[in-house]
Amino acid sequence: MKGQGTINCDAVVLYRRKRKTYSVVTFLTKQRGILHCSIPQRRWQTLKNAGYLQPFSQVYITLLPNGEYYDLQQLDGRYLIRSLETDLDSICYASFAGEFISTAFAAEERDSALYSLVLRFAELILTKPVPLAVILLGWQLLSLAGFVPSAKAYQQADGVARFVKEFRETTGFNLSAAAQQAVGQILLYDWHEATSVQLPRTLWRELERGLFAYTTVQLGQELSSLKFLHEMQAKAFD
């Protein structure tokens, strides 16, 4: 049961679900894990710093428990991702990442590894392309959630073979030898701005396709953000 007083949290904005008269904004907080806030539309229009309520902005929030959701009492912005204000591709990929985290990980469970990973991702996309960073993040999230072996287990003698067999049986897709090697490289990626994962465009596309397919299988549903992303990609080729 939630406490009766207000709570203060360092947080990263994950995802916004719009309803008729209110929105549900999901935060990943350092202190309490994933929390969901209900914000009435009227409150949204007058909320100071509401511009920071976009995916992967870093914020400091004051919340008040109120039944199923929390009420957002105060919001202080630390930084926001400028590309997520104007670039539709970046917005779509970031929405997928935020919804993926919100769905795959339990609410109100403090997870320092998850918070650290998401914070490093958010800081990187201040200056780096969002779509490619989301592919890196997605594979590491699959590993953190236990759907893909850890980087160490993946590098073991039969680690790759076991994963590839599971992947093929559940998705119907085959990962090329180059993609199998790239997944291992991605799982080891440290998110330092000075390091990068250099891959051909065709390999990025294969890794993206595999990420989306395996995420859908493991979550037991196609995320609404992923459906929208696929629709936007289809329109681009019309």
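Predicted model: local features only at pLDDT ≥ 70, side-chain atom pairs only at ≥ 80, totals over all residues.

## Basis of the description

A residue is called buried when its relative accessible area is under 20%, and exposed when that value is over 50%.

The domain assignment divides the protein chain into domain 1 (7-79) and domain 2 (88-232). Their C-alpha centres are 25 Å apart. On the side of domain 1, 21 residues take part in the contact, and domain 2 contributes 25 residues.

The size of an interface is often given as the accessible area lost when the parts come together. Between domain 1 and domain 2 this buried area is about 1800 Å², with 69% coming from carbon and sulfur atoms. Y15, I34 and F56 are the residues of domain 1 that lose the most area to domain 2, and together they make up 35% of what that side buries.

In soluble globular proteins, nonpolar side chains tend to be buried together. The largest nonpolar core here has 61 residues, among which F56, I101, W139, F163 and L207 touch the most other members. Helix α5 gives the most to this core, namely nine residues. Because both domain 1 (7-79) and domain 2 (88-232) supply residues, this core lies between them.

I101 illustrates the packing: beyond residues up to four places away in sequence, I101 touches L14, I34, F56, L114, V118 and L141.

## Strand β3 and G33

G33 belongs to strand β3 (residues 33-40). Its relative accessibility is 1%, so G33 counts as buried. Leaving aside residues up to four places away in sequence, G33 touches F27, L28, E109 and R110. G33 and S112 are separated by 79 residues in sequence, yet their C-alpha atoms are 8.2 Å apart in space.

## Helix α3

Helix α3 (residues 88-104) has 17 residues, and at 1.5 Å a residue these should span 24 Å; the end C-alpha atoms are 24 Å apart, which agrees. This helix is mostly covered, as twelve of its 17 residues are buried. Among the buried residues are C92, Y93, F96, F100 and I101, and the polar residues S90, S95, E99 and S102 are also buried.

## Helix α7

Helix α7 (residues 159-171) consists of 13 residues and reaches 18 Å between its first and last C-alpha, close to the 18 Å expected at 1.5 Å a residue. Its buried residues are G159, F163, V164, F167 and T171. They cover an arc of only 115° around the axis, which means that they lie on the same side of α7. A161, R162 and E169, on the other side of α7, are exposed.

The buried residues of α7 pack against α5 (130-144), α6 (151-155), α8 (177-187) and α9 (201-219). The helix is followed by G172, which has a positive phi near 80°.

## Helix α9

Helix α9 has 19 residues and reaches 27 Å from first to last C-alpha, close to the 27 Å expected at 1.5 Å a residue. Its buried residues include L203, W204, L207, L211, F212 and L219; E208, Y214 and T215 are buried as well. Just after α9, G220 takes a positive phi of about 75°.

Definitions and conventions
Residues numbered from 1 in each chain as written. Heavy atoms only, no water. Helix = DSSP H or I, 4+ residues; strand = E, 2+ residues; numbered from the N terminus. Expected span 1.5 Å × (residues − 1). Buried < 20%, exposed > 50% of the residue type's maximum accessible area, 1.4 Å probe, protein only. Arc of directions from axis to C-beta. Contact = heavy atoms within 4.5 Å. Core = buried A, V, L, I, M, F, W, Y, C linked by side-chain atoms within 4.5 Å. Domains from an automatic or database assignment. Buried area = accessible area lost by both parts, 1.4 Å probe.
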